[in-house]
Amino acid sequence: MSNSETINPNTTMNNESKTSSTTKVEELQNLKGRKTVLMQGNEAVAYGALDAGCNFFAGYPITPSTEIAEILAAELPKRGGVFIQMEDELGSICAVIGASLAGAKALTATSGPGFSLMQEGIGFARSAETPCVVVDVQRVGPSTGMPTSCAQGDIQQSRWGTHGDSPAIVLYPDSVKESYELTIRAINLSEKYRTCVILLLDEVLGHMREAVRLPDLSNVRVISRVKPTVPPHWYKHYENNEKYPIPLASFGEGYRFHVTGLTHDSLGFPTNKPNEAAEMMARLKKKITYNIRDLVQIESFQMDDAKIAVFAAGITARSAKAAVVMARKEGIPAGLLRPLTIWPFPDDAVRKMLRDVDIVIVPELNQGQLIREIERLVKDRSDSKLIKIQRVDSKLIPPQDILQKIKEVI
Amino acid sequence: MPAIPQKIIHEYLRHDKKFPHVWCAGCSNGIVLGSIIRAIAGMNLDRNDIVMVSGIGCSSRMPVYVDFNTLHTLHGRAIAFATGVKLHKPHLKVIVVTGDGDCAAIGGNHLIHAARRNIDLTVIMLNNNIYGMTGGQVSPTTPHEAYATTAPYGNIEPDFDVCKLAMGAGATYVARTTAFHTQETQNMVKEAIEHPGFALIEVICACPVIYGRLNKKGGAPEMMKEMRDNSIPLAAVDKLPPEKVQGKIIRGVLHKDIRPEYCAQYAELMKKAQAQGGSK
C-alpha cells in the first residue's frame, strides 16, 4: 500500500540463495544475503543508510536510538566510511555538516534531548544548504522524560525547532520496512534538495522487530548531489534560479567557496542587503514549495468511499489501520489517511479529505501537534468535524479505542 | 579599479566584495592573518587543499577574506565542523581560527576532545581577553580584576590558561605568541600545520577599542608595546630570576610530542575491520 518511490516494487523475488554457513548476525550484516529477516526499526535505519551510500556518521549515545550508532560503528569502517562518537550532540551535527561539505553522505541519529541540542546545527545546514540527515527516535518528554517509552512529541519540533524561519523536510515511517525505505529516501532528498532532512521514528518502531525482506541493492534508487561542471570562477553555489538541484562542489575539488550561517549572497559571502536576504529566503522556501509533489507522500487506505477518516502518522497509524479494518468488517465506511511526509504538511490531501468525509479522527501520542495542522486547514473553525484522541502516558493508543470513537461518532 | 599591490598576502585574499573588513582600527586580527598567510605561502601548499574553519566572533570573520575553502560556522563549534571535514578527507590541511570565547568557553568541550583524539587540526586561538563582537563582555581569558561590560566591578574569576588546558587534554603541539611577534607567529603556524597531530597556537591579541578602553590600556601602539615588553621567550625563563618571570606572557613552543594521530588510527581501524568483516 505504501507508495514509497525509492524502492522498485518488482524486487521481492530476488536473492533466495545464500551460503549455508552464515550466522543470523552475519546474515543481517551481509547485505548480499537478502532473504526475509527479523529486524528492528533502528536496524532498518542503519541498513537503509548504508544502502543509500551513507559514508559518514557522527553521533552521541542516547536511548532509544543507540542501535543505529552501534551497527554503523561496525559496518561503516568495513565499507571505507567513517564512524565517530563525538563528545555531544552539538559536535555530532556539526561534524556531520563538515563531512558533508567535504563530500560525504552524512547522517546522525538521536532522540529528544539530543535532537534539541542539534537544532542550531540543523538551522545551519538549512541556511548553508548542506545535505545531511538527522534521525530522531522519539521518546517521552518533556525533558529527559521516559527514555524507553513511546511518544510523538517532536512533530512540531522537527518543523520549528531551529530558530529563524526555514522550511523543513520530515519523513515519518510506520513499519520496519518503511523505516528502511524512508531512510534511503531521506538521504536521497537531502542530496537532491541540499538540506537537512529529518526522519522521525517512534520508540516502539525503533525497537520493534518485524519480518523484512530488503530489496536487492541493484533495485535501490540512490540519488547523489549534482557536482558543478563550470570553471571555478563561474561557480555560484547559492545561485538563484528556478532549476533544482543547484550543484554543490566539495572542499578540496578546486572551487574554494565560502560557507557561512550568516545570511549570504549567491557566492556564499555574508550580506546585509535586504534584496539579497530576500533572495536567499525565497530560494530556501521555493525549493520546498515548488517541489511539493516530489516531497509529499501519503498513504490512502479505504478512503474512496469513506465517510469517517482517521488521520494518523507513525506507530499510531498502525492502530488506526487496524481500527479501520475492524470498522469495515462491521460495515462502517471508515478510511485512513497517513502522511509519510509530515513536513511539508500534505495540505492538498488533507483538504480533499476534509471535503470528502463527514468526520476526521486524529489519534496521536501528544497533546495536539498533528491536529493543529488540520485545524489550520478547516475553513470554519467552529466546525465539529475534528475529533481528537490524545495520549501522553507513554502507552500506545490501541485499535479498540479508535474503533470505539468511530462508533461513537457515526 | 586601482591596481592591487603585489605583496604575497594579496595573492591569498578575496578581493571581490570582501573589503573593507569588519575589524576595528588597531585590531590585531589582520596582523595575525598576515602571519598565517605568509606561513602558508612559504610552504608550497596547494590552496585547494586548505580548509579554514572558524566559529563566531571577531577573529572568526577571518576565513571570508582568504582564498581557501572556507567555512564560517556556529559559535563554539568550529573544531567539531573541522573534525568532520578532516575525517572525510584526511589529506586536506584543516586550520581552525577561533577566539578565546569561541574556543575556551562555548567550544571548550570540542577543544579538549579534539586534543585528546590528537586529530590533525591546526587551531589558532586569537586571544583578545574579551568578547569583542558583542561589545566587551567578560571572557574565560579576561584577567582577574580586569573590567568588562559584564564585569563592571572587576572580574572575580581567574582566567583560563588555554595552553595548559590543551596540554592536559592531550594536544601534541602547543605554542603561545603575541600579535606583535609576527615572525614568531608565522614560524609557529608553519610548524603547527606540518605537525602530524592536534596543534594549538594561542596568539595574544590587542583589542584597543573595547578591551583597551575598558581597562585603560591606551591605544593600539601602547598595547603592542605591552606585548613586546610584557612577554618573554620560553628559552629565557630559566635564566631569569622568578620575580622577572612573574606575570609575564611566556612565548614559545610549550609542548611538542608525537603520538598516534586520529585519522591515521582510523585508517588502521578500517583495514582491521575489512580484514575481519569481509562483508560487501
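1. Strands (E, at least two residues) and helices (H or I, at least four) are DSSP runs, numbered from the N terminus.

2. On conventions, residues are numbered from 1 along each chain as its sequence is written, while chains are lettered from A and ligands numbered from 1 in the order in which they are written. Because the model is predicted, local features need pLDDT of at least 70 and side-chain atom pairs count only at pLDDT 80 or more, whereas totals for chains, interfaces and linings use all residues.

3. The contact between the chains takes 40 residues from chain A and 38 residues from chain B, two residues being in contact if their C-beta atoms, placed from the backbone, lie within 7 Å. On the side of chain B that touches chain A, at least two residues each come from β2 (69-72), α3 (78-88), α5 (108-117) and α12 (262-277) of chain B, and α3(B) supplies the largest share, 8 residues. By class, this side of chain B has 16 nonpolar, 14 polar and 8 charged residues (nonpolar: Ala, Val, Leu, Ile, Met, Phe, Trp, Tyr, Cys and Pro; charged: Asp, Glu, Lys and Arg; polar: the others, Gly among them).

4. Chain A is divided into domain 1 (9-219) and domain 2 (299-409), with bounds from an automatic or database domain assignment, and the centres of these domains, taken over C-alpha atoms, are separated by 27 Å. Their contact takes 24 residues from domain 1 and 21 residues from domain 2. On the domain 1 side, α6(A) gives the most, with 4 residues, and by class that side has 16 nonpolar, 5 polar and 3 charged residues.

5. Two cis peptide bonds in chain A deserve a look: one joins A:Thr63 and A:Pro64, with omega about 5 degrees, and another joins A:Trp343 and A:Pro344, with omega about 0 degrees. A:Pro64 is placed in the loop between β2 (56-59) and α3 (66-75) of chain A, and A:Pro344 in the loop between β13 (341-343) and α12 (347-356) of chain A.

6. A:Ser394, in the loop between β15 (386-390) and α14 (399-409) of chain A, has a positive phi of about 85 degrees although it is not a glycine. A:Ser394 is partly exposed, with 15 other C-beta atoms within 10 Å (20 or more would be buried, 12 or fewer exposed, and partly exposed lies in between, with C-beta atoms placed from the backbone).
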